[in-house]
Amino acid sequence: MTLTKRSLMLATVALAASLGAAAAQDAVKIVGVVELSGAGATAGTNYKNGAQLAVDEINAAGGILGKKIEFVVYDTQTNPGNTRAAVQRGVDEGAFAIFGPVFSGPIGASMQIAQKAGVPQIVGGEAAGLTKQGVTTLFRTSLNQADAMPKLANYFKDAVKASSVAVVWVNNDFGKGGRDAIIPELQKRGIKIAADIATESGQADFAADAIKVKNANADAVFVYLNEEESARFLRAIKQQGYDKPIVGETTLLGAKVIELAGAAAEGAKGHVGLSVDAPVAGFAEFGKKFQAKFNYKSDHNGIKGYSGMYMLKSVVEKTGKFDKEAFLKAAHGAVIKVKDVPGILIDSKWDDNGDVDRESFLAEVKGGKQVITGTLPPVNKF
Amino acid sequence: MDQLLQLVLAGLATGSIYALAAIGFTLVWQTSQTINFAQGEFVMLPAILVLAAVKFLHLPLPAAVLLATGAFLLLFGFGFKKFLVDPMLRHGVLPLAIATMALSILMKEGAKDGFSAEAQQFPSLVPDGAVNLFGATLSLRDIAIFIVAVVAIVLLQLFVTRTRTGRMMQATAQNPDVAKILGIPTEQMILLTFLINAGLAVLASFLISPIYLAKFSNGEVIGTAAFIAAIVGGFNQVRGALLGGFIVGLVDNLAAAYVSSAYRAAVPLALLVLVILFKPEGLLGRKEERTV
């Protein structure tokens with residue numbers, strides 16, 4: 001090899017290395033740890049797509065503080081062990097923040113890793129217990145069950161006028177948390193629990209559960225299952241000729257559930273935290289962009305992923321630097337308004353536990369679509 | 001009493017689908033003395049193929065059903081025998097069994113990566129609705145599934161026992177060497193058996209996917225239930241697979257209602273253990289003796 005050739009090669013290697021280093025300096029890594037397969041595939045895919053949409057927009061507009069977002073996603077397969085490994089991998093790779101997961105069980109299994117490393121973790125889970133364990137790195141993108149269930153219990157009493165309710169829940173952290181939150185709220189309002197039916201995550205056949213609900217003769221049924229199971233349950237209970245109110249919280253009325261359940265979703269009603277059908281300009285705009293990019297309608301998890309990424313951007317810009325400790329300090333108590341950050345979609349506040357508070361909605365499935373029938377104020381005014 | 005009647009019918013409907021899949025186990029066992037561990041995925045895939053044909057080829061549903069059925073029979077009836085069973089069987093039944101395990105993973109992951117990891121709606125062949133019978137509300141779909149599956153199995157049984165081709169299939173299954181000496185085209189009979197297995201899988205897939213939703217992981221549940229059904233009923237008898245399917249479907253549904261959903265999967269397994277302990281050939285199976 002001649003000296004000239006060797007010099008040329010060395011120069012090329014040096015240039016490539018310096019370009020790589022420059023690219024790394026110009027980017028901030030955010031690791032998505034989401035359920036792209038397994039029982040949580042629907043929720044995780046929506047969450048990831050919503051976040052990806054926000055990342056593309058933010059990068060196209062110049063990034064955060066001049067740095068582009070490098071969004072790397074790992075599939076947890078809805079498995080707590082895989083989730084722990086993926087969060088650890090994200091921490092080891094120097095991620096500024098972990099994005100996800102969505103299911104409460106895997107969040108509970110992995111949040112201590114992010115806490116130990118001091119890495120912010122922005123999640124889609126709703127189980128009440130998640131933010132009661134003193135984890136300072138965890139931030140929700142959806143309402144805590146403990147905040148949503150009193151609203152729903154009022155709905156059972158005032159709108160449905162039920163004096164007895166059958167409760168069907170999925171036996172995981174999400175479902176158990178919801179069941180434990182709704183039953184005392186219903187009982188406080190004098191509503192009797194006619195049946196308390198546990199089902200399994202990933203359950204395929206709901207015929208027996210539907211028959212039990214029908215024979216419980218309650219005035220209404222409360223369904224608190226994950227997306228695919230919600231659709232299977234709706235199909236099973238309609239097969240039994242069930243004609244009483246079917247009420248749920250967010251998941252039951254989600255776009256994916258309506259798509260999967262088809263006509264069986266008709267008439268289902270309840271409370272939703274986020275919805276592209278809500279009378280909120282930002283949601284509608286987001287819904288159009290999501291549909292155009294991914295060719296399907298986003299559910300609430302898509303909104304969580306999208307607004308969560310803008311929450312991260314807003315807080316980082318507020319601190320003026322990529323400093324995890326400063327982020328955690330600024331994010332607790334952060335109030336982000338649409339007029340300042342349009343990508344947040346709806347005015348939101350994060351409290352000291354990482355719980356988010358915002359307006360929410362009452363909805364019903366009519367004509368194969370989720371129709372918003374009312375708006376409820378935040379739990380605490382801000 | 002009403003609830004029990006409803007649970008029994010729902011259990012029989014699910015059980016009849018398990019029976020269709022379980023018969024696949026018995027057919028493969030009779031022709032190759034091995035277990036097809038991809039049987040659950042055989043039931044999962046046809047529905048996915050239909051949806052893929054609608055999505056990617058923009059075919060109307062009836063055309064997609066025809067294309068998917070044809071493709072499945074070709075790939076997993078003819079192709080399964082020609083390119084997996086025949087080459088592997090020369091090396092013994094164990095390599096073949098392991099190869100079917102690999103096939104099951106390939107089919108599952110292929111459906112996930114090639115189509116979708118999410119559940120998909122699959123159109124029901126039967127309209128929604130319910131009828132009242134003896135004071136109990138019975139699902140029209142459960143009734144229709146039960147009838148369709150049982151008619152298919154009865155037709156299969158009649159074909160195997162009452163037709164010349166069916167009897168040649170039986171002869172091939174019982175002793176292929178003697179059957180060959182008698183002039184029976186054993187290769188064709190074995191191929192026919194595999195095509196029937198694929199056909200039953202297609203039927204089971206179209207019946208169960210509207211309930212379970214079409215998803216790459218459905219084969220795990222169906223395969224396990226059908227495997228238990230085949231052992232409980234008798235691995236070497238079609239009528240045993242039918243009985244086993246009904247029993248597993250019933251036990252599963254009654255356990256979910258009267259024991260708990262968490263333990264519903266354990267009850268059929270307990271039944272399986274009892275059958276293995278006290279009647280290892282299955283409830284309707286015949287004892288097989290082998291020289292080792």
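How many bridges join β14(A) to strand β15 of chain A? Seven, and the two strands, with β15 covering residues 369–376, run antiparallel. Hello everyone, and thanks for coming along.

Before I go on, a word on what we are looking at. This is a predicted model, where local features need pLDDT of at least 70 and side-chain atom pairs count only at pLDDT 80 or more, while totals for chains, interfaces and linings use all residues. Residues are numbered from 1 along each chain as its sequence is written, and chains are lettered from A and ligands numbered from 1 in the order in which they are written. When I say helix or strand, I mean a DSSP run, H or I of at least four residues for helices and E of at least two for strands, numbered from the N terminus. Strands pair if DSSP finds at least two bridges between them.

Let's stay with that hairpin. β14(A) and β15(A) have two residues between them, and A:G367 in the turn has a positive phi of about 60°. For a bridge partner, A:V365 has A:Q370 in β15(A). β14(A), residues 360–366, is also joined by four bridges to strand β10 of chain A, residues 269–272, again antiparallel. There, A:K269 stands opposite A:E364.

There is also an open sheet of three strands in chain A, in the order β11-β12-β13 with antiparallel pairing. Its edges are β11 (335–336) and β13 (356–357), each of which pairs on one side only. Two bridges join β12(A), residues 348–350, to β13(A), and A:W350 has A:V356 as its bridge partner.

Now for the domains of chain A. The bounds come from an automatic or database domain assignment, and they give domain 1 (22–142 + 279–350) and domain 2 (146–272 + 362–376). Their C-alpha centres lie 28 Å apart. Across the boundary, 18 residues of domain 1 of chain A are in contact with 17 residues of domain 2 of chain A, where contact means C-beta atoms, placed from the backbone, within 7 Å. On the domain 1 side, α2 and α4 of chain A are the elements that give two or more residues, and α4(A) gives the most, with three. By class, that side has six nonpolar, nine polar and three charged residues. For those classes, Ala, Val, Leu, Ile, Met, Phe, Trp, Tyr, Cys and Pro count as nonpolar, Asp, Glu, Lys and Arg as charged, and the others, Gly among them, as polar.

Next, a few backbone details in chain A. The peptide bond from A:G100 to A:P101 is cis, with omega near 0°, and A:P101 sits in the loop between β3 (97–99) and α4 (104–117). Then we have two non-glycine residues with positive phi. A:N217 has phi near 55° and lies in the loop between α7 and β8 (220–224) of chain A. A:T250 has a positive phi of about 55°, and its loop runs between β9 (246–249) and α9 of chain A.

Are these two buried or exposed? A:N217 is exposed, with 11 other C-beta atoms within 10 Å, whereas A:T250 counts as buried, with 27. The cut-offs are 20 or more other C-beta atoms within 10 Å for buried, 12 or fewer for exposed, and partly exposed in between.

On to the interior. A nonpolar core here is a set of buried Ala, Val, Leu, Ile, Met, Phe, Trp, Tyr and Cys residues joined through C-beta atoms within 7 Å. The largest one has 214 residues, and A:V165, A:V168, A:V221, B:A19 and B:A229 touch the most other members. From each of domain 1 and domain 2 of chain A, this core draws at least three residues. Beyond its neighbours within four places in sequence, A:V165 is in contact with residues including A:F156, A:L186, A:I191 and A:F222.

That brings us to chain B. 31 residues of chain A are in contact with 27 residues of chain B. On the chain A side, α7(A) provides the largest share, seven residues, and that side divides into ten nonpolar, eleven polar and ten charged.

Chain B itself has eleven helices and two strands. Its radius of gyration is 19 Å, close to the 19 Å that the globule rule gives for 292 residues, so chain B is as compact as a globular protein of that length. That radius is taken over C-alpha atoms, and the rule is 2.2 Å times the number of residues to the power 0.38. Of its 292 residues, 51% count as buried. Happy to take questions!

Terms used
Two residues are in contact if their C-beta atoms, placed from the backbone, lie within 7 Å.
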